Amino acid sequence: MADPTTYLSHLELGEPDKTFLDSNELIINMGPQHPATHGVLRVILKLDGEKVLGTECVIGYLHRGVEKIAENRTYTMFNPYVDRMDYVAAVSNGLGYCEAVEKLLNIEAPPRARYIRVILTELNRLASHQLWLGTHALDIGAMTPLFYTFRDREEILKIFEKYCGARLTTHAFRIGGCQYETYDGFERDVKKFLDFVPPRIDEYEELLTTNRIWVERTKNVGKISAADCKALGVTGPVLRASGVKWDIRKALPYAAYPEFDFEIPTGANGDTYDRYMVRMQEMRQSLRIVRQAVERIPEGPIMAKVPKVMKPPAGEIYHSIEAPKGELGYFVVSDGSTQPYRVRVRPPSFVNLQALDIMVRGQLVADVIAVIGTLDIVLGEVDR
Amino acid sequence: MLDYVTSYLGMNTTPGQAGNVFWALVYIFVVFGGVSVAVIAMNWLERKALAHFQIRLGPMRVGPHGLLQPIADAVKLLTKEDIVPSEADRFVFWIAPLIILCASFTVYIVIPFGPTHAITDLNIGILFMLGVSSLSVLGVVMAGWASNSHYPLIGSLRSSAQMISYEIAMGMAVVSAILMTSLNKSGTGTLSMIGIVEAQQQQQVWFLFKFFPLGFIAFAIFAIAMVAETNRAPFDLPEAESELTAGFHTEYSGLRWSLFMLGEYTAMIAVSSIAVTLWLGGWLRPFPNTLTGPAWDLVFSLIPGFTFLALAAIAFVGVIRMPKHPYFRIQTAGLAAFGAGLGVIGLLLFLPPVRDRIQDIFWFIAKVAVFMYLYIWYRATFPRYRFDQLMKVGWKVLLPIAIGVLILTAILGVVL
Amino acid sequence: MPEQTKSPTPPSGDPNPPAGQATTGSAHSTPAHKLPEKPAAPAKPAGPVPVPWQSPLVSKLKAQYGSGVREANTYLGQNYLVLEPSITNEVLQILRDEEQFDYCVDITAVHYPQREKPFDLVWILYSFARNERLRVKTMLADGESFPSSVAIWPTANWLEREVYDMFGIKFDGHPDLKRILLPDGWKGYPLRKDYGIIQQDQEWVRINLGIESGQ
Amino acid sequence: MEPVATTFFFYFLSGLTLLSGVLVITRKNAVHSALALILGLLAQAGLYLMLYAPFVAGVQIILYAGGIMVLFLFVIMLVNIERAQKEEQFNKQWLIGILSAGALGALFVLVYTKGSSLFPTAMAAPVESNNTQQVGELLYGQYMFAFEIASLLLLVAIIGAVVMAKRRI
């Protein structure tokens, strides 16, 4: 456990390297409109030349009061709203919320529904990672991977569209299961996708993994130790890249995950390159899970018996899932009425973003870009 | 007057050296016009090639296959509002793009497209080129400072440091090539661009292959440094859009911004021309030693014509593949006309008098085009260097190697 | 038209999952549809009623603080403690230092306006070593401040700022307690129950956005 | 090649040099002064060209205009211009200034009128062709020692600059 006081010092920003020739400190305001902040993140950088002395994130430009809205909607009505938080991984968001409310209602989704959930969620994880890879590479200056990943992500979105009619904010799941049965040819489409995408992932790797410039730009950049990760509550691929083999899908399984065989990829150094490698391997692991799920998908109903008017008994529940970005938790409090008394979302991006400061300290401006990219934040989720 | 004009025609020298102001002016107009057209063509080609690297189509709407896109862009840029930030230093802000443009155009005075096809032949030609092209740093620095904004300032600081650093490695590589020019009977080298190519002709070898691999290493250093010198990917830090939005020209818009772009592409062609002149034998045709004899001469002299015919054929394939819909009638006709134009040029190039004159220019431009393609290829493939890594490459890798090559070249030149 | 494509079939027909086929990576290799949903959770109570939670941790805390530990229950398989505010910070420190709850998942609050002490302050903790989640709750009166837990888990920094932003609960000793999602000059705490869903800080909107209403 | 309009270019370039020299000391904005200085240096390079010293002209452009002045600008830009602009530009020493300027001017006039024997009577024959070679032979032959000493001095300066700028090496 690292000494927490080391983190406190970041608030009084560091001092410049005192040398014979005093260089000027420069305060730069990066964002909220900036091509590399992935939305409306504003980072105030204190620079000594190109070296970063400290940062402060200013967030909230996209705040929509999702938690307040939840208190004024019924459980079912709030379901589509969660898709608008992490809009590149809407399916994961929906899954977390539905499962939390199901727990509160003390019901269980039928096995077939759980398999469909796993398939779509893992495809969504792949889509999210693809989007991350494209934008991250673009931030570091490699333009081409963006187009390759978007080309392949399109195939996933097509499957989503065929399944539920929406591409981005899917609203794929309902409390108690799934609303839609899979369409004819769903398995065929998914299997085709599974065959088609691994060579494409090799293609991304060919462009980047051994590229000298890429390696130089990412190795030893934005390092964070496992202890710091835990202290700062950083989860997801960032934590795993620091060498902690922890994934909620394994540690506290949900949906149908216990039935699948997959590995948790980990890194060793906790630098940007490791996070890149972890996510690349996670893509392949996701494909592995989807393949197993599609081959073994059971027949059966897709909705559990859910009351028409949902009135969960008074009580509270915390349920979290492994979203593409980390631990996505829902803390739902019920007072026995049709509307949730309080819904608290534990957003992985929000918590992970806190680590930006210690990751970029003492590094260069260009590394800030690389680190923001590697944290894989979505501002819709940070600000909610 | 007419005598004055015609007197140059039989001369075996450049108009600048002949002192013929009329022909010098003609050459200036032809070269500058040609360069401007080349920049426009390069703009279109870059967008198309980059798009195809990235599984996109690129411009498709304006004209057949977007052929008229650069013109549309130019019109758009010219009519755009010209914004000067209120706190900017107006005079410096105004003059910075002009400096870049002047610096990159001025170097074309000495670029030899052929033994006589240059505006003039300075006896310090290569020095002049390096010197004048280094002046474009001033424009970058001034633009960054005059914008009175943080991103441009950081961009211009980066850029000036980068350009000055790489100039040194570049200069060292150039010197080793110049040393090679002195390997003749009289033992005197030359700095003249035409003289350098003629030296390669006399020594029967492109300097790329001279003292293999020394020439090649020097060439590689120059090829890397020139990408850094022109601020192109993967060394495009001064305008790294993900870090500094657009670097030193963040605050520029409209015409002034397009002047920066024009300057950038012009400089790219200029440094590529230096590389071609110094190491790739300038206007000399490939395989001058192995494929000799009048038959081969004829074959090589026909290549320009065939190249244009091939381009025309590509255009006609495009015509055939155009959608057969009335909506595309004009586009199809336009593309056919374009192909026909290329074909006519190709046929013209078969005529013996034209053929002989145009050969040198063709080979020179073809070699430069290879570099232009490499620029696009780099941009599609590489991520961007970080500033400290860039400096490390420049000072700790390229410069020592360049000095080593220089010393070895000198030793070999004395020994052999 | 996904609805039309296939009607849900009754579960009678055995989908014939490959029985006995070992799924090696996971500890659970039973056929799909027979699996309990939350295998890692402790034994579930029959109905949704909080049942007392028995564990060495609870006995230890009860021995140390007596009635300071007001509740130690399990609800739907999730353990939680309700503590007196006076001892909470101390217990949190103990939980991290001695009980390996080294990951603070979330800090949040719930507003019950009709209660005497209207705020529930909730910590959701996780222990990597024990693979166990724990919720710690304490009740606060309006205007009452609470010691910051930034010194225990640095991640509490932003989470507490958000609680402050949304509920107006102040944290003593927080290094940088200011609004995080809402603008700095905003008045009101939106997640309190008395704050209407379309309510806004009219004055702030007028001054900063130059419009009469953001709605 | 016959020189064209030599007289015009001589006066044009000299005038430009003088003008930019005046601008350098009268501009309040240091960046403008630096730009004027660059203009002056370029005009000087033109004068060198007219003197059939193309190598010197080239070096003048590369080193002074392209290299050193960029570093100048580099430093000036990091200085707070607004503060510099508020400061008094000229010291109140105009009396001394006029005296020294007058003395210098008198010296020039004196040399020009009395010491005409110092100047060549006719224009020297231009040696255009191998100026670069001559410079090289002089530098590496006759003045080898001085050249090496100068480069050593520069090396010392570089090391000193590095040490001053970077305490921990």
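**From the helical chain to the sheet**

Analyst: Chain B comprises 16 helices and zero strands, where helices (H or I, at least four residues) and strands (E, at least two) are DSSP runs numbered from the N terminus. The model is predicted: local features need pLDDT of at least 70 and side-chain atom pairs count only at pLDDT 80 or more, while totals for chains, interfaces and linings use all residues. Residues are numbered from 1 along each chain as its sequence is written, and chains are lettered from A and ligands numbered from 1 in the order in which they are written.

For 416 residues, a compact globule would have a radius of gyration (over C-alpha atoms; rule: 2.2 Å times the number of residues to the power 0.38) near 22 Å, and the 22 Å of chain B agrees with this. Along the principal axes, its C-alpha atoms fill a box of roughly 60 × 55 × 50 Å. Buried residues (20 or more other C-beta atoms within 10 Å of their own, with C-beta atoms placed from the backbone) account for 49% of chain B. Of the contacts in chain B (C-beta atoms, placed from the backbone, within 7 Å) between residues at least 6 apart in sequence, 77% join residues at least 24 apart.

Chain B meets chain A through 22 of its residues, which are in contact with 26 residues of chain A. On the chain A side, two or more residues each come from β1 (25-30), α5 (111-140), α6 (144-164), α8 (212-218) and α15 (365-375).

Chain C, the part requested, has five helices and eight strands, arranged from the N terminus as α-β-α-β-β-α-β-β-β-β-α-β-α. Of its 215 residues, 32% are buried. Among contacts in chain C between residues at least 6 apart in sequence, 43% join residues at least 24 apart.

Six strands of chain C form an open sheet of mixed pairing, in the order β1-β2-β3-β6-β5-β4; two strands pair if DSSP finds at least two bridges between them. At the edges lie β1 (51-52) and β4 (103-111) of chain C, each pairing on one side only. Within the sheet, β5 (residues 119-127) and β6 (residues 132-140) of chain C run antiparallel and are joined by nine bridges. One bridge pairs L125(C) with L134(C) in β6(C). Helix α4 (residues 156-167) of chain C lies across β4 and β5 of that chain, at about 5 degrees to β4(C); angles run from 0 to 180 degrees between N-to-C directions, with axes fitted to C-alpha atoms, for helices over the stretch in contact.

Conventions:
A residue is buried if 20 or more other C-beta atoms lie within 10 Å of its own, exposed if 12 or fewer, and partly exposed in between; C-beta atoms are placed from the backbone. Two residues are in contact if their C-beta atoms, placed from the backbone, lie within 7 Å.
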